[in-house]
Amino acid sequence: MKVVLITGCSTGIGFATAKQFSLGDYQVIATARSPKSSDELVELGEKENVLLKELDVCDQESVDKLFDELNNFEIDVLVNNAGVGGSGSVENTEIEFAKLLMETNYFGALRMMKKVIPSMRSRRSGAIINVSSQAGRRPFALMSHYCATKYALNGLSESMAHELAQFNIRVTLIEPGTVITPIFGKGNSIPEDEKDYSIFQGRMIRQVTKGLTELGCGPDIIAKCMVDFVTTKDPKLHYLIDKDAVDNVDIYNKYGPETWVSDGKILDDEEFFSTMKDRYGYEIG
Ligand SMILES: NC(=O)c1ccc[n+]([C@@H]2O[C@H](COP(=O)([O-])OP(=O)(O)OC[C@H]3O[C@@H](n4cnc5c(N)ncnc54)[C@H](OP(=O)(O)O)[C@@H]3O)[C@@H](O)[C@H]2O)c1
């Protein structure tokens with residue numbers, strides 16, 4: 001039975017992934033900062049092949065403690081899912097906010113990978129799944145810090161995939177578009193006074209609303225993609241998922257970065273959204 005370790009299982013994609021793996025022939029180690037505070041996770045933990053463990057990926061001591069406790073397990077699959085979001089202009093967000101995002105979304109994943117690679121390398125087998133985002137493949141206004149963490153995670157993972165291939169360790173990036181999860185209610189930093197950037201705030205709210213009501217998907221689709229990756233004979237380095245993510249990255253690449261920059265000068269909302277409609281072929285907000 002393969003052993004899969006997943007971070008950030010209290011809600012959203014992490015919970016759906018733990019559940020999905022638990023349906024197969026896997027021993028699931030589902031971790032969360034406070035496993036007992038999530039009723040659905042506690043219930044999942046009652047299954048024979050699910051073990052709940054406490055883990056804060058920002059805290060090296062917590063990571064060390066987990067691996068000490070898991071001494072008897074060799075991890076076959078690591079899913080780095082734990083992540084935080086939040087928005088705000090670069091001008092008005094605090095450095096501490098940027099550090100929290102980087103500490104969780106980038107260093108959190110790195111800490112976990114450094115723990116599992118030695119055993120995977122010596123066994124010449126393993127899979128590492130890093131949950132990145134479409135925001136690691138194209139920029140979004142007022143999400144600079146979040147994008148920076150996901151671009152960083154992508155650079156790390158792509159380089160590692162090459163480095164670890166000789167040891168039969170497969171690495172992938174799951175790059176979701178909008179997924180309906182509690183992350184949107186957690187909003188780690190939304191500066192109160194964003195008046196000079198309010199036009200982007202309004203557009204972001206319109207696009208997120210459209211994503212959550214029409215264009216996005218539920219976390220189960222993302223979870224299934226991860227389970228499939230572990231066994232497929234044809235693993236990919238990137239999984240942009242669902243259609244909204246594919247379109248967002250395709251359109252960005254098709255029109256190019258200079259177009260993206262000059263789009264930032266369109267101050268009229270109707271002109272902005274009608275330009276987008278021409279490019280996408282449907283309303284994005
Ligand atoms: N939802 C989307 O539209 C979307 C799109 C693209 C990518 N993603 C990525 O998908 C991943 C999961 O997000 P989600 O949408 O499922 O959001 P979510 O429901 O908020 O789940 C995030 C999980 O990460 C955990 N977490 C946060 N900080 C942590 C830390 N320091 N140590 C351990 N766990 C921590 C949270 O735990 P607590 O309950 O303790 O806070 C929660 O379990 C993230 O990496 C996110 O960037 C999401």
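This is a predicted model: local features need pLDDT of at least 70, side-chain atom pairs count only at pLDDT 80 or more; totals for chains, interfaces and linings use all residues.
The shell around the ligand comprises 31 residues. G8, G12, G83, T181 and I183 come nearest to the ligand. By class, 15 residues of the shell are polar, 13 are nonpolar and three are charged. Three helices each supply at least two shell residues: α1 (12–22), α4 (95–123) and α6 (183–186).

Helix α1 is largely enclosed by the rest of the structure, because ten of its eleven residues are buried. The buried residues run through G12, I13, G14, F15, A16, T17, A18, K19, Q20 and F21. G12 also belongs to the group that comes nearest to the ligand.

In soluble globular proteins, nonpolar side chains tend to be buried together. Here, the largest nonpolar core has 49 residues. V4, V28, A30, L78 and I129 have the most contacts inside this core. Helix α4 gives the most to the core, with six residues. V28 touches V4, I6, A18, F21, S22, N49 and V50, residues up to four places away in sequence not being counted. A second core is separate and has seven residues, including V84, L101, A135 and Y146.

Helix α8 spans residues 219–231. Its buried residues include P219, I222, A223, M226 and V230. Seen down the helix axis, the buried residues of α8 fall within an arc of 100 degrees, so they line one face. The face turned away from this buried side carries D228 and T231, which are exposed.

How values were computed
Residues are numbered from 1 along each chain as its sequence is written. A residue is near a molecule or strand if its C-beta atom, placed from the backbone, lies within 6 Å of it. Helices (H or I, at least four residues) and strands (E, at least two) are DSSP runs, numbered from the N terminus. Ala, Val, Leu, Ile, Met, Phe, Trp, Tyr, Cys and Pro count as nonpolar, Asp, Glu, Lys and Arg as charged, and the others, Gly among them, as polar. A residue is buried if 20 or more other C-beta atoms lie within 10 Å of its own, exposed if 12 or fewer, and partly exposed in between; C-beta atoms are placed from the backbone. A nonpolar core is a set of buried Ala, Val, Leu, Ile, Met, Phe, Trp, Tyr and Cys residues joined through C-beta atoms within 7 Å. Two residues are in contact if their C-beta atoms, placed from the backbone, lie within 7 Å. The arc is that of the directions from the helix axis to the C-beta atoms.
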